[in-house]
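Please keep the viewer open while reading.

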Amino acid sequence: LTSDVVAVATPFSDWVRKVENPADLTTDVCDAIAAANGPVGQIATLILPADLAWEEGTAPASKIAPPAAALQVPSENIKHAAAVIKRGEAVLIFATGAALSEEGGRALGRLSSLKNVEYLAPVNGAKFERGAGRVDIARIPYDANMALDRLAHFKHILLVGTDEPASFFAYPDKPGRMAPEGCAIHRFSDPDQDAVAALHELANHLSIAETAFHITRHDPATRPTGALNPDSIAAAISATLPENAIICDEGLTAGRAVMPLTANCPAHTWIQITGGAIGNGLPLAFGAAMGAPERRVVSVQADGSGLFTLQALWSQAHEQANVTTIILANRGYQILKGEMTNIGVPDPGPLALDMMTLENPAIDWIALSKGFGVPCAVAEDAETLARLLEQSYATSGPFLIEARIG
Ligand SMILES: Cc1ncc(C[n+]2csc(CCOP(=O)(O)OP(=O)(O)O)c2C)c(N)n1
Ligand SMILES: [Mg+2]
């Protein structure tokens, strides 16, 4: 009972407090909620010593304060950005946070109507509103070489709520910074500032019409046939995705095609891991389903990462959460094989390879899913995957599909 919980919680929290006095409990809880709900959502951890369970409490809070409003982007940032854009050299708007919302997309779309302006989101943007009727927002490529190529022509990068583009991993003889040599980096807005309003203001400043953005048309993939591979899996998801779904992406290598192939699906929300620590896919899907019980959550889940927090399946069953999980069963840590090549080991030996496979024994996802009480089925071809997806969307509660690749 003397463990240092503050020390344990601190690395994983943006805000930490221990209630020192029962009389402060109500205030502390309100402060924790306010901290979590700030303009930038963050992790707030409040530690309640055991004696609070039996000490005399305080009156309940009458009302939780509304979340603090985002701050204004300084007008000189907007003027500076306008001057940079007017020079006519290639400008990238590198944007995250609220800029990935529906309205943020419209603002980015307006700005990109200028010939010299493009926009991209980081690999780990937290939440994208996308699909038919919205402005499409692409991510910077995960692959370092592709990212370097994609950014090679820019002379300026405007940072909207994020830092300059960096490689996901470090590699020998490759830069960690993805911006080309000589590219100027300009900080447009901080995460706690109202980027969407400021981007619209920037567009107004540049006399861009309010409707000068292209919306995505409805054009999902045609129903795929044949073997399961990253493209046919993505096509099956695209061909069947219901309107207003939430896609939770922890698909890694076998899920790479899902974002591009769902761009023209009915309007939906895309959420994903925001860092590099795998294993949040299944709990993220559960949380999304709890937060939006009327929406279908489609959890695109790589097999290795799915094993980190498997017990979320039980929570999905317990709450009858509307989550369809697609396990991308490539039976290995496929991405790490590619990363071995990238660090100069193109042909790892059997010992190294054995640490990157999920065979011997193969993981029986059907048995695991049943064990946690989630109905499930196997798909070994694209037709079956599409059919099972539709069946799950038509039935309330969770469902798991083991998509066997190769
Ligand atoms: C918490 C955590 N542990 C380990 C890693 C290292 N790591 C990165 S990707 C990966 C394997 C991913 O395998 P899988 O989820 O099956 O996706 P695939 O590579 O097969 O597409 C591992 C172990 C990590 N990023 N985070
Ligand atoms: Mg895998």
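This is a predicted model: local features need pLDDT of at least 70, side-chain atom pairs count only at pLDDT 80 or more; totals for chains, interfaces and linings use all residues.

A polar contact is a pair of N or O atoms within 3.5 Å; within protein, one must be able to donate a hydrogen and the other to accept it, and residues adjacent in sequence count only if both atoms are side-chain atoms. Residues are numbered from 1 along each chain as its sequence is written, ligands are numbered from 1 in the order in which they are written, and side-chain values use heavy atoms, without hydrogens and water.

**Ligand 1**
- A polar backbone atom of Gly 304 lies 2.8 Å from an oxygen atom of ligand 1.
- Gly 332 places a backbone N or O atom 2.8 Å from an oxygen atom of ligand 1.
- On its own, ligand 1 has 590 Å² of accessible area (Shrake-Rupley method, 1.4 Å probe), and the protein covers 78% of that.

**Magnesium ion (ligand 2)**
- Asp 303 (OD), Asn 330 (OD1) and Gly 332 (O) are the protein donors, 2.1 to 2.2 Å from the ion.
- Donors are N, O and S atoms within 2.8 Å of the metal (3.2 Å for Na, K and Ca); water is not among the atoms, so sites may look incomplete.
- The donor residues follow the sequence spacing D-x26-N-x1-G.

- Asn 330 has 21% relative accessibility, so Asn 330 counts as partly exposed, the class between buried and exposed (over 50%).

Terms used:
Buried means under 20% relative accessible area, exposed over 50%, partly exposed in between (1.4 Å probe, protein chains only).
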